[in-house]
Amino acid sequence: MRGAGAAGISPVVEERPEQPYVFLRRSVTMDHFAEVADRLPELVGWLAARDIPRAGAPFFRYNTVAPDGGAREVEAGIPVASALEPEGDVGVALLPAGRYATLTRVGHPEGLLAAVGTLLEWAREQGLEWDMRVVDGVERRGCRIESYRTDPREEPDPAKWETELAFRLAD
């Protein structure tokens with residue numbers, strides 16, 4: 001594990017392979033993030049109803065980030081072993097292969113904003129560039145995900161939840 005909280009965070013760069021996943025997408029402000037977050041159980045149920053095993057932790061993928069706090073395009077996603085066909089609201093896509101700056105932290109999700117700041121600052125200090133472009137003041141990310149590695153049904157204490165940030169770097 002790379003970091004156990006704000007004091008022990010140690011970002012690293014990892015090479016990752018392409019990863020198929022299923023998702024539900026919404027455009028939301030952070031005040032209404034539950035509109036996408038609350039759909040993760042629906043996605044878990046969709047996979048279970050089709051006997052499709054998960055190939056990793058559920059995550060949120062931020063396709064766009066509006067620095068002014070505006071709406072963000074966010075996907076609630078779950079990795080799967082192989083590509084599937086989309087159905088209804090459920091989409092399918094690939095997390096792109098490449099180099100990612102990653103950081104794993106343990107603690108309540110309220111601390112994630114500070115962890116994101118730590119990762120962004122570390123990457124700046126390292127001279128790393130993001131897979132990102134700015135269009136009309138909105139950051140369009142190549143791949144920026146938060147993976148939730150702890151199942152709250154198994155560990156109800158949010159202070160013990162493990163979350164991984166993984167932001168794709170420019171080639």
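The model is predicted, with local features needing pLDDT of at least 70, side-chain atom pairs counting only at pLDDT 80 or more, and totals for chains, interfaces and linings using all residues. Residues are numbered from 1 along each chain as its sequence is written, and side-chain values use heavy atoms, leaving out hydrogens and water.

Let us begin with the open sheet, whose 3 strands run in the order 4-9-8 with antiparallel pairing. Strands here are DSSP runs of E, at least two residues long, and helices are runs of H or I, at least four, numbered from the N terminus; two strands pair if DSSP finds at least two bridges between them. Strand 4 (64-65) and strand 8 (132-135) are the edges, each pairing on one side only. Strand 8 meets strand 9 (residues 138-141) over 4 antiparallel bridges, and Met-132 stands opposite Arg-141 in strand 9.

Now for the rings. The whole structure holds 6 aromatic pairs (Phe, Tyr or six-membered Trp rings with centres within 6.5 Å; planes under 30 degrees apart are stacked, over 60 edge-to-face, the rest tilted). Phe-33 and Phe-60 pair edge-to-face, at 4.9 Å centre to centre and 75 degrees between the planes. Phe-60 and Tyr-148 have ring centres 5.4 Å apart and planes at 70 degrees, so this pair is edge-to-face. Because Phe-60 lies in strand 3 and Tyr-148 in strand 10 (residues 144-148), the pair ties together parts 88 residues apart in sequence. Phe-33, Phe-60, Tyr-62 and Tyr-148 form one aromatic cluster.

Finally, Arg-16 lies over the face of Tyr-100, 5.5 Å from the ring centre (the cut-offs are NZ of Lys or CZ of Arg within 6 Å of the centre and within 35 degrees of the ring normal).
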